[in-house]
Amino acid sequence: KFGKTAAQAAQNLGASIDKLIDSTTVYARLGYSLKEASKFAELTTAYSNVSNSNVDEATTNITAIIKAYDIGANELENVLDKLIYVGNNFAVSSQELGVGMNNAASALAANGNSLEQAFGILAAANTVTQNIDKASTAVRTIAARISNSTADLEEFGGDTDGMASSTAALREELLALAKVDVYDSTG
């Protein structure tokens, strides 16, 4: 039954059935049901067509987004609409934004940035650099420094010398030096 459904979906999307099945397999391995994985794969394949990226790359990029922001199969179409909108209206393509999210989504999500903020931050950074790899690495580094994540910085080779050992220590240093509190009434 899945084979027939996948063949029809591939034909409707103008994609190869093997790429659609490969994408579905990736999502299924992440723990999604066959129905959810199929929906993710179909939307990812449609995104790959619009963004002019291959299905494998699109699957990798979308996986980073859905895992970082806990996006369900029913929410992905709205997310992709936003991603494509930003790519059509700002100095970053939809494909580049996907690559940038693959690199920085987890750091931005962990830092408390919404998905829309993440898209905006990456689009703005890419406007300056016109290089999404450099822009997203810079954004990821900044997010790790803001959250004081020495583990994240060390993971991708960032310098951790002089960083406070904890958020509490960073707060104390900022209060002492600049009379600035990094916490507000909401944390």
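A: Starting with burial: of the 187 residues in the protein, 37% are buried. Keep in mind that this is a predicted model.

Q: What's the accessible surface of the protein, and how much of it belongs to carbon and sulfur atoms?
A: The accessible surface is about 10100 Å², and carbon and sulfur atoms hold 51% of that.

Q: How many helices and strands?
A: The protein has 10 helices and zero strands. Read from the N terminus, the order of elements is α-α-α-α-α-α-α-α-α-α.

Q: And what share of the contacts comes from residues 24 or more positions apart?
A: Such pairs make up 51% of the contacts with a separation of 6 or more.

Q: Fine. What are those for H2 and H4?
A: Helix H2, residues 17-29, packs on helix H4, residues 55-69, at about 25°, and the axes are 10 Å apart. Angles under 35 degrees count as roughly parallel, so H2 is roughly parallel to H4.

Q: Which residues make that contact?
A: H2 contributes Lys19, Ser23, Val26 and Tyr27. From H4 come Val55, Asp56, Thr59, Ile62, Thr63 and Ile66.

Q: How do they divide into nonpolar, polar and charged?
A: The contact of H2 with H4 has five nonpolar, three polar and two charged residues.

Q: Left-handed or right-handed crossing there?
A: H2 crosses H4 in a right-handed sense.

Q: Now H4 and H6, what's the geometry?
A: The axes of H4 and helix H6, residues 94-110, come within 8 Å and cross at roughly 30°. That angle makes H4 roughly parallel to H6. The crossing of H4 and H6 is left-handed.

Q: Which residues of H4 and H6 are in contact?
A: On H4 they are Glu57, Thr60, Asn61, Ala64, Ile65, Ala68 and Tyr69. On H6 they are Gln95, Gly98, Val99, Met101, Asn102, Ala105, Ser106, Leu108 and Ala109. By class, the contact of H4 with H6 has nine nonpolar, six polar and one charged residues.

Q: Last one: how far is Asp22 from Thr59, C-alpha to C-alpha?
A: Their C-alpha atoms are separated by 9.2 Å, with the two residues 37 apart along the chain.

Notes: Residues are numbered from 1 along each chain as its sequence is written. This is a predicted model: local features need pLDDT of at least 70, side-chain atom pairs count only at pLDDT 80 or more; totals for chains, interfaces and linings use all residues. Side-chain values use heavy atoms; hydrogens and water are left out. Helices (H or I, at least four residues) and strands (E, at least two) are DSSP runs, numbered from the N terminus. Buried means under 20% relative accessible area, exposed over 50%, partly exposed in between (1.4 Å probe, protein chains only). Contact means heavy atoms within 4.5 Å. Accessible areas come from the Shrake-Rupley method with a 1.4 Å probe; for residues, only the protein chains shown count as cover. Axes are lines fitted to C-alpha atoms, for helices over the stretch in contact, and angles run from 0 to 180 degrees between N-to-C directions. Angles under 35 degrees count as roughly parallel, over 145 as roughly antiparallel, 65 to 115 as roughly perpendicular and the rest as oblique. A crossing is left-handed if the near helix is turned anticlockwise from the far one by less than a right angle, and right-handed if clockwise. Ala, Val, Leu, Ile, Met, Phe, Trp, Tyr, Cys and Pro count as nonpolar, Asp, Glu, Lys and Arg as charged, and the others, Gly among them, as polar.
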